[in-house]
Amino acid sequence: MVDWFNSLSLDRQNDLWVVSVAVLTNSACALVGCYLVLRRMSLLGDAISHAVLPGLVMAFVFSGSLNLWAMFLGALVVGLLTGALTQSLHRQADVPEDVSMGVVFTSLFALGVVLIKRYAHRVDLDPDCVLYGLLEYTAFNLVQFGPYEIPEALPRMGLVLSVNTAFIVLFWKELLVSSFDPASAVAMGIRANLMHYALLALVALTTVASFEQVGSILVIAMLIVPGATAHLLTDRLGRMLALSVLIAAASAVLGHLLSVWLNTNTAGTMAVVVGALYSAAALFSPRYGVVSVLAKNTADALRVVREDLLALLYRWEEIGDSRPLGAREAIQSLGGGWLAACARYALLWRGEVRRDGSALSLTEQGRQRARALVRSHRLWESFLSAKLGLPADHVHEPAMRMEHYIAPELEAKLAAELDDLPRDPHGRPIPAQQSGDDSASSSPS
């Protein structure tokens with residue numbers, strides 16, 4: 001493995017180091033970011049990542065070095081101060097929580113910018129590094145690790161990722177309960193406030209350790225967006241954490257490849273990529289995606305219109321009208337529009353309706369399906385009239401809606417409750433249940 005790595009060109013070695021550090025950095029941010037998303041504290045993560053800037057500057061001023069522990073201590077103090085000030089303004093001064101966050105973090109961030117300008121000549125502090133990150137230069141800061149030389153950021157971010165993972169594993173139950181129901185956590189004896197401030201400390205640690213890689217501004221994307229993206233894809237916490245790490249790692253790899261191709265800042269391109277992944281999830285996630293929801297609603301609406309057309313043809317046959325029902329007339333009876341036209345073509349394709357010239361009629365398959373729909377409709381009308389006392393002229397419209405969503409179990413209960421009434425409130429016969437015919441079920445497919 002070492003020989004293979006040494007056989008690569010310097011550019012390829014640098015690419016591998018950059019991607020490795022980026023994967024560790026993004027993954028560490030994503031893990032704690034999931035809990036910020038679940039606790040609706042995304043803005044607080046933004047506030048902490050910006051507000052710790054004066055703590056970093058003061059740590060540089062007093063230590064005169066880039067020592068991680070000095071930076072962490074300064075950032076931790078200011079990070080906890082940010083949370084405390086935000087809560088104090090919200091509870092004591094009755095300031096809205098979002099306003100208190102905005103006041104605290106913008107004030108502290110502005111103080112940090114002033115301190116950078118004031119003390120930049122005294123310490124080795126590059127504003128561009130703090131704001132934008134220097135992932136591209138990862139391979140230029142190597143340390144000896146046993147017989148090998150590796151980037152200094154690699155063991156540091158590996159340690160932060162390990163700390164975050166260990167904390168989540170050790171306090172899984174406490175974090176889970178306090179994230180979803182703080183009141184129940186307190187009732188169970190869990191110190192919810194302690195979990196809150198411990199999470200803030202982890203956010204501060206992760207933010208400080210990530211500054212040199214992705215900067216104080218772009219760390220927000222890695223802290224929030226992977227978790228928010230994973231939350232669109234699953235409702236289970238374990239899967240959400242795993243997906244957020246995968247998304248963070250993918251953004252690191254794709255972001256670096258894109259930055260090399262476009263010759264742009266690596267951390268910034270990673271943020272763009274993870275934003276694009278979030279947009280894709282927001283559009284296409286199976287449960288919450290805009291396109292997925294639109295497609296599901298459209299399919300549901302098409303099913304309802306299709307079933308309405310089947311029921312209309314059944315009732316046309318039932319009254320014994322010798323005149324065939326024309327396709328145009330049937331579509332107009334359903335209100336017209338493209339849904340009705342699509343429903344007609346769908347029924348023809350499914351073999352439930354046939355067309356003779358310009359007229360439509362039911363096939364045997366379609367007649368069975370239509371009979372089940374009309375049975376559900378008239379059972380529901382009878383229930384509303386007999387059990388709820390609604391007059392006969394008030395039961396048709398609600399029954400028209402409910403007939404599309406009555407499962408076989410509910411239909412059986414309605415029939416038993418009504419003692420298998422032969423006719424509905426309008427005097428029309430209730431079709432008998434077709435035994436052993438699954439296709440006759442009126443539940444949505």
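## Aromatic pairs

Trp380 and Phe383 both lie in helix α17 (residues 364-386) and are 3 residues apart, so about one helical turn separates them. Helices here are DSSP runs of H or I with at least four residues, numbered from the N terminus, as are strands (E, at least two). The model is predicted, and local features need pLDDT of at least 70, side-chain atom pairs count only at pLDDT 80 or more, and totals for chains, interfaces and linings use all residues. Residues are numbered from 1 along each chain as its sequence is written, and side-chain values use heavy atoms, with hydrogens and water left out.

A search of the whole structure gives 2 aromatic pairs. Phe167 and Phe171 form a tilted pair, with 5.0 Å centre to centre and 45 degrees between the planes. The ring centres of Trp380 and Phe383 are 5.7 Å apart and their planes are at 20 degrees, so this pair is stacked. Rings of Phe, Tyr and Trp (its six-membered ring) pair if their centres lie within 6.5 Å; planes under 30 degrees apart are stacked, over 60 edge-to-face, and the rest tilted.

Trp380 is buried because its relative accessible area is 15%. Phe167 is buried at 14%, whereas Phe171 is partly exposed at 30%. Buried means under 20% relative accessible area, exposed over 50%, and partly exposed in between (1.4 Å probe, protein chains only).

## Charges over rings

The charged end of Arg303 sits over the ring of Tyr405, 5.1 Å from its centre. The charged end of Arg344 sits over the ring of Tyr345, at 4.5 Å from the ring centre. For this, NZ of Lys or CZ of Arg must be within 6 Å of the ring centre and within 35 degrees of the ring normal.

## Nonpolar surface patch

Leu283, Phe284, Val290 and Val291 make a nonpolar surface patch of about 360 Å². Helices α13 (266-284) and α14 (290-318) each supply at least two of the patch residues. Phe284 belongs to α13 and counts as exposed because its relative accessibility is 53%.

Patch residues have over 30% relative accessible area and no salt bridge; like charges are joined within 9 Å, and nonpolar side chains (Val, Leu, Ile, Met, Phe, Trp, Tyr) within 5 Å. A salt bridge is a side-chain nitrogen of Lys or Arg within 4 Å of a carboxyl oxygen of Asp or Glu. Accessible areas come from the Shrake-Rupley method with a 1.4 Å probe; for residues, only the protein chains shown count as cover.

## Cysteines

The count of disulfides (pairs of cysteine sulfur atoms within 2.5 Å) is 0. Cys29 is in no disulfide, and the nearest cysteine sulfur, that of Cys34, is 11 Å away. Cys29 is buried at 0% relative accessible area, while Cys342 is partly exposed at 33%.
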